[in-house]
Amino acid sequence: MTRAARFHGWGVPPVVEELPEPAHKPGNVLVEVRAAALGHLDLTVASGSFGMRPELPYIGGVEAAGVVLDSDTLAPGTQVLLRGGGLGLLRDGCWTERVSVSPKAVTPMSPPLEPEVAASFFVPATTAYVALHDVARLEPGEEVVVTGAAGAVGAMVAQQARLAGATVTGVVGRADQLGQVPEGVRAALPDDPELSAGRSASLLVDTLGGGDLIGRTRWVRPGGRAVVIGYVLGSAVTVDLPSWLLDDVALLPVNMVRHERRAREVAPALVGRLAAGELSVAVERFDLSEIAKALELLRDGRVRGRAVVTFG
C-alpha cells in the first residue's frame, strides 16, 4: 500500500489514505516521491472552477521530486522532477509516496538538489528568469523594485536581478517580513518615501496585482516598465487612461503557460546555480499528514516561501 492525499469533492480538503501500490507499466516511470510542492494552482484545481478537472476522487499535486524505482530508460536512483503530462490537472498527481507516470512528466535532475528544493524550484526560478530576461529584457545597472520579495517568486526575482547586475529594492507587506528579503536587497515597506519620491527605478516586477497595481507603477520613472506576474491581492485593476498615459510606464504581462517551453530550456542552468548556492528557495516543510493544514496556510498567505510536503 502507498499513502496519498486525495480529493473526494470540490472545495473540500484532501484526505490522506492508503491506496494499492502502483505497478510499473511498460513505457512508464515508477518513482518514489521524496517531496511534493503545494501551490496556488493546486488550490485552483481543487476548487472545481478551473478549466481542467481530474475525475473525482483524485490525488492532488502538479509537481514533485523523487527517485526512479523502475524505468525502461532511466537508472534506478536517478533524481527526477515530476511535472507536466496532466499530473494533478487531468489525472492523479504527485501527493503520493509512489507513482507511475509517463516519461513526458519526468525530467532528470543534474546536479541533484535537496528533495524539497527539487520539488519546488521550477515555478519561482523559471518565472523569475522569463520575467526578467525574456519579458523585461533587464540590462546590468538598472534599478529594480520587486513586490512580494519575501515570497517564493518575489525572492527569486530579487536574487536573479542582483545576479544580472541590477540594484534591487524588495518590497514586503509587513514589518516582520523585512528580514526575509534576500541578502544584498534593500528591504522596504510600501509606504517607504524613497519608492515614490525619486521614481528612480526603471523596472517594477509585481507579484501582487490587485487594485493598487497602477499606484505601484508610479515607483517607476517615465519610460520604464512594470512586469506583472501575479494577482494574489486581486484579479481586477482600474486604469485611468489619461493618468496612465502621463505616467508613461508600460505594463507587461508574464504568461508562463505560453513560456513553458522556454522555462524548461532555462531550468538546467538554474538548477546549476541552486546547486552552487548562487540561488536559494525558501521552503516550509509539512508531513503528508499535515497537508490540509498546509493548504489552509497557503490559501491565507501564511507560508514563507514554498510549501512542501515530505514523506517520512
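User: Is alanine 267 buried or exposed?

Analyst: In this predicted model, alanine 267 lies in helix H8, which covers residues 260–275. Its relative accessibility is 9%. The cut-off for buried is under 20%, so alanine 267 counts as buried.

User: Which residues does alanine 267 touch, not counting those up to four places away in sequence?

Analyst: The count leaves out residues up to four places away in sequence. With those set aside, alanine 267 touches Phe121, Phe122 and Thr126.

User: Where is glutamine 177 found, and is it buried or exposed?

Analyst: Glutamine 177 is in the loop between S10 and S11. Leaving aside neighbours within four places in sequence, it is in contact with Ala150 and Val172.

User: In what order do the 6 strands of the open sheet stand, and which strands are at the edges?

Analyst: The pairing in this open sheet is parallel, and the order is S11-S10-S9-S12-S13-S14. Strand S11 (186–188) and strand S14 (250–253) each have a single partner strand, so one side of each is left without a neighbour in the sheet. The strands at the edges are therefore S11 and S14.

User: How many bridges join strand S9 to strand S12, and which residue is the bridge partner of valine 144?

Analyst: S9 (residues 143–147) and S12 (residues 201–206) run parallel, and 3 bridges join them. The partner of valine 144 lies in S12. That partner is leucine 203.

User: Which strands does helix H4 touch, and what angle does its direction make with that of S9?

Analyst: Helix H4 (residues 152–163) packs on the sheet. The strands touched are S9, S10 (167–171) and S12. The direction of H4 makes an angle with that of S9 of about 165°.

User: How many residues of H4 are buried?

Analyst: H4 has 12 residues and is mostly covered. Its buried residues include Ala152, Gly154 and Met156. What covers the buried residues includes helix H3 (122–135), H8 and strand S16 (306–310).

User: How far does H4 reach from its first C-alpha to its last?

Analyst: At 1.5 Å a residue, the expected span of H4 is 16 Å. The model comes close to that value. The reach is 17 Å.

Key:
Residues numbered from 1 in each chain as written. Predicted model: local features only at pLDDT ≥ 70, side-chain atom pairs only at ≥ 80, totals over all residues. Heavy atoms only, no water. Pairing = 2+ DSSP bridges. Helix = DSSP H or I, 4+ residues; strand = E, 2+ residues; numbered from the N terminus. Contact = heavy atoms within 4.5 Å. Axes fitted to C-alpha atoms, helices over the stretch in contact; angles between N-to-C directions. Buried < 20%, exposed > 50% of the residue type's maximum accessible area, 1.4 Å probe, protein only. Expected span 1.5 Å × (residues − 1).
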